[in-house]
Amino acid sequence: MYKQNRSQIPFPQKANSVTYTPALHLPQLLQENEMRLTSITGVFFLAGVVSSLVAAPPLARASLYLAAIVLGGVPILREAWEAITAERRLTIDCLVVVAVVGAVVLGEWWEAAAVVFLFSLSEMLEDYTLDRAHHAIHALMELSPEEARVKENGRETTVPIESVAVGAIVAVRPGERVPVDGDVIAGNSTIDQSPITGESAPVVKVGGDSVYAGTINQQGYLEVEVTRPAGENAIARIVRLVKDAQEQSAPTAQFIDRFTTYYTPGIVVLAALVAIVPWLAFGQSLQEWVYRGLVLLLIGCPCALVISTPISIVAAIARSARSGVLVKSGAVMEVIGQTVAMAFDKTGTLTQGRPGVTDVIPFNGHSEAEVIQMADRLEHRSEHQLATAILHKAGHTDAEDDPSQLHTEEIEEFEAIAGRGVRARVDGASYICGSPDYLYALGYDVASHQKTITQVQNAGKTALLVAKDRQIAGLIATMDSLRPDAQPTLTAIGAMGIDPIVLLSGDSKPTAAAIGAQLPVNEIYGELLPEQKVAVVQDLVAAHGKVLMVGDGVNDAPALATATAGIALGGAGTDVAMETADVVLMGDDLSKIPAALQLSRKTMTVIKQNVTIALGIKALVLLLTLLGLASLWMAVLADVGATLVVAGNGLRLLHPNG
């Protein structure tokens, strides 16, 4: 049973990551050597039991039991020998070998055979349950098609997915799975991204949008330019991260591994004392106490204890991955549920990251429409986010590809100054749209409108002044808006007892305060440089211990790394997010964070239950042994039962309602 760290069962892989091995289902398992050998052992054991019941000759009974012992015992003996010679340690297999040999010496043939059969059965069932957990994510790997329809020179050719190069154009018809990661260059449709991001609603995709391999094109025709080779697409990266996570032991599992290193030799010593001391000190029957010592050896097998943590952690990681949340290790799965305080980046995390126009305030007799029209004439040439907000306010959409068809004015001397504004001559008139400081530096009468500007800025908004021919025509206020799920997510987190919840922002303090006022946060920090965000997180860790940081995985990388654990949003298309954070939300759904915290807490509860079950059953059988009421087969059967209960309890975490 404990031949290796049970969290390190081989993980399935597919051709576009390495080599794919399908999950072991029961019909396939029946064909495995282990199953066949266990079955044959069971047949000989049951035949021996029947021969005993019908009073067959002793030689016939012994021969059947011996056949069961040899067939089922050779693999156990081999594992025990390798553990002793190669690893220099005693394992569960060693305890079983000693118990079986002892039973044979005492003439307890049927019990020796029972121990071998039950132990082999327990090992097989343990491997099966762990495989179920490890392979629970294998369905995701099957999502990526093995072929793609490449379009070249007007013709479509179906080729293996591994041969599709970056830059190739792939055609995706309605109802098909997208075979590659890429950008839409023609067509529009809605895409079911739930296999990758966990989003419940389809997402509209138009020219320039990214799509991911394994997602489902619903009704439109798309042409996609490949941006990643098959082995590096979103699915392949998810699988690699889950594989790595499942191979990293959680702290509880590491503790149990260390514990069993000393525990198993301790059981051997204790069993030896139980076998010999009553005989030497009190003249008790040597055979009776040797038998009890052998029972104690089997009771000491920590099979259920060893499997208690890995089965739970692996199941929880697999379940998270299927819902679009990647947890990068067992250690992270444990620690996020112990979170005491949380810090959230503002822009792009709690807010949309896309400012919108909130107010248009005209000056000097101009109308709102005139102010927007003036700004529109300039901003359609700018690529700044504020320019996009103004264009949307003017009624333009992302679908309009050619601004020249909308703006036919003669534009001369166009100039964009980063962080300041834009200016140009349009049909002979001079236009400027920029920050109050920029216009003040150019000599405009900003002071006359300072009261309005201050009111806008104190409300957390960005003020842009629009001027024509040396006169300020109006003010446009923009502000980033909250994500719809930001407020309910933070409310749910607060209800879980996490306090404080802190907002971190590089924006001005009034802007940060305006956003923070709409959220259930305890502290608000504005005007933070990246290193200052790190300092705030360090202070939180020093004051509260377990601190979780949530950011976009790009600008917040240092703070994410400083926190006890970091969560990054939008990992499906972001390499930085996958590399930086401990937990990656493949979509941008903040509501998955409380669910991840709850799953971590539930996982720790299940682990505690499993450890209690494993130790409780051992303690009960140990008491029966000391009272002379337990037998070898009872000890093994108790271990089998505990292992099955623990495995089943851990596997509950695979199911949302488990």
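Let's start with a word we need for what follows: a residue is buried under 20% relative accessible area, exposed over 50%, and partly exposed in between, using a 1.4 Å probe and protein chains only. This is a predicted model, where local features need pLDDT of at least 70, side-chain atom pairs count only at pLDDT 80 or more, and totals for chains, interfaces and linings use all residues. Residues are numbered from 1 along each chain as its sequence is written, and side-chain values use heavy atoms, with hydrogens and water left out.

Most residues other than glycine have a negative phi, and most peptide bonds are trans.

| Residue | Phi | Relative accessible area |
|---|---|---|
| N153 | near 55° | 76%, exposed |
| R470 | near 70° | 53%, exposed |

Where do they sit? N153 is in the loop between β1 (147-152) and β2 (155-160), while R470 is in the loop between β16 (462-468) and β17 (471-479). Those labels come from DSSP runs, numbered from the N terminus: helices are H or I with at least four residues, and strands are E with at least two.

The peptide bond between D499 and P500 is cis, with omega at about 10°. You'll find P500 in the loop between α18 (486-495) and β18 (501-504).

Is K618 buried or exposed? K618 is buried, because its relative accessible area is 12%. This lysine belongs to helix α23 (residues 592-626). Setting aside neighbours within four places in sequence, K618 is in contact (heavy atoms within 4.5 Å) with L298, I299, C301 and D639.
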